[in-house]
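Look over the chain below before reading on.

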Amino acid sequence: MARAAWDRWIAIGFAVGSVCFFVGPFPGFVQLVGPGADGVVFFVGSIFFTLAAGIGLREATLRRGGRWGADPSWWSGAIQFVGTLLFNLSTFEAMQDGLSTTQENRLVWSPDVFGSAAFLISGALAYRVATGPRLLPVRRNRDWTMAAVNLAGSVFFGISAVASFVVPSSGSVLDLAAANWTTALGAACFFAGSLMLLPPHADAPRAAHGSSDRGDAAGRAL
């Protein structure tokens, strides 16, 4: 498969997932469709995240000819993929009714926190690759912008995860408003990053996108 085709499918997957995570937190949307359907939207979004991350990891593995190693671009994709699986778990459990506060924190909040941490580590690795050697000046090119936007999205998701902790004494979310708007902001960042990953032209050479290693990491850490 051509490089542009890999990027296109990765971008589409993350774009669809981002839209789900953007509309899901809005109170008006929840009131319109109900909590059950809203939970399904989050779960579907997490599935698209996993599909996109899986494609990205597969592409990175084929490109470097194997797994593991010291390639930060590959590790960025691998860690992100693990994060998406944790989001699958947290969003699936969130659809269940009748969970106690302890179950909410163990089955929903914990995977969400660890998934967000994985996204943050992945985004930081991608940003480090995109900035290049520290002794060189940082070039504010397309790959750097994409990595920075995706890292910002990971930070917002991390804040959302912390804010969504269910306080045992009250049984309510620590800060529901903060959890909702940071989720939406993070999703908006990931959506912007996915659009930047889309090849400008179907047949455009990869050189137009920047260096291969930097593009790999920046695109994969959506």
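## Overall fold

The model is predicted. By that definition, the protein chain has eight helices and zero strands. Along the sequence the pattern reads α-α-α-α-α-α-α-α.

How much of the protein chain counts as buried? The figure is 45% of its 222 residues.

## Helix α3 against helix α4

Helix α3 covers residues 35-64 and helix α4 covers residues 72-94. The two pack at an angle of about 160°, and their axes lie 8 Å apart. An angle over 145 degrees counts as roughly antiparallel, so α3 is roughly antiparallel to α4. Their crossing is left-handed.

Which residue classes make up this contact? The contact of α3 with α4 holds 13 nonpolar residues, eleven polar ones and two charged ones.

## Helix α4 against helix α5

Helix α4 also packs on α5. Their axes come within 8 Å and cross at roughly 160°. That makes α4 and α5 roughly antiparallel to each other. α4 passes α5 in a left-handed crossing. The contact of α4 with α5 has 17 nonpolar, nine polar and two charged residues.

## Helix α1 against helix α7

Helix α1 spans residues 3-23. α1 packs against α7 at an angle of about 160°, with the axes 8 Å apart. The pair is therefore roughly antiparallel. α1 passes α7 in a left-handed crossing.

α7 itself has 22 residues. From first C-alpha to last, α7 reaches 32 Å, close to the 32 Å expected at 1.5 Å a residue. Which residues of α7 are buried? They are Ala178, Ala179, Thr182, Thr183, Ala184, Gly186, Ala187, Cys189, Phe190, Gly193, Ser194 and Leu197. An α-helix has 3.6 residues a turn, so residues three or four places apart point the same way.

## Aromatic pairs

The structure holds 17 aromatic pairs. One of them joins Phe49 and Phe190. The ring centres of Phe49 and Phe190 are 6.3 Å apart and the planes meet at 80°, so this pair is edge-to-face. It links distant parts of the chain. Phe49 sits in helix α3, while Phe190 sits in helix α7 (residues 176-197), 141 residues apart. Are these two residues buried or exposed? Phe49 is buried, and Phe190 is buried too.

Trp109 and Phe165 form another aromatic pair. It is edge-to-face, with 4.9 Å from centre to centre and 70° between the planes. Trp109 lies in helix α5 (residues 101-131). Phe165 lies in the loop between α6 (142-163) and α7. The pair therefore ties together parts that are 56 residues apart in sequence. Trp109 is partly exposed, with a relative accessible area of 22%. Phe165 is partly exposed as well, at 25%.

## An aromatic cluster

Which residues form one aromatic cluster? Its members are Phe14, Phe21, Phe42, Phe49, Phe87, Phe119, Phe157 and Phe190. Phe49 and Phe190, the edge-to-face pair described above, both belong to it.

## Distant in sequence

Val108 is placed in helix α5. Val108 has a relative accessible area of 14% and is buried, because buried means under 20%. Val108 and Ala161 are 53 residues apart in sequence. In space they are 9.9 Å apart, C-alpha to C-alpha.

Leu125 is also in helix α5. At 23% relative accessibility, Leu125 counts as partly exposed. How far is Leu125 from Gly77 in sequence and in space? They are 48 residues apart in sequence and 9.4 Å apart in space, C-alpha to C-alpha.

Gly24 lies in a loop, the one between α1 and α2 (27-33). Gly24 is buried, with a relative accessible area of 1%. Gly24 and Ala37 are 13 residues apart in sequence, and their C-alpha atoms are 9.4 Å apart in space.

Key:
Residues numbered from 1 in each chain as written. Predicted model: local features only at pLDDT ≥ 70, side-chain atom pairs only at ≥ 80, totals over all residues. Heavy atoms only, no water. Axes fitted to C-alpha atoms, helices over the stretch in contact; angles between N-to-C directions. Helix = DSSP H or I, 4+ residues; strand = E, 2+ residues; numbered from the N terminus. Parallel < 35°, antiparallel > 145°, perpendicular 65-115°, else oblique. Left-handed = near helix turned anticlockwise from the far one by under 90°. Nonpolar A, V, L, I, M, F, W, Y, C, P; charged D, E, K, R; others polar. Phe/Tyr/Trp six-rings, centres within 6.5 Å; stacked < 30°, edge-to-face > 60°. Buried < 20%, exposed > 50% of the residue type's maximum accessible area, 1.4 Å probe, protein only. Expected span 1.5 Å × (residues − 1).
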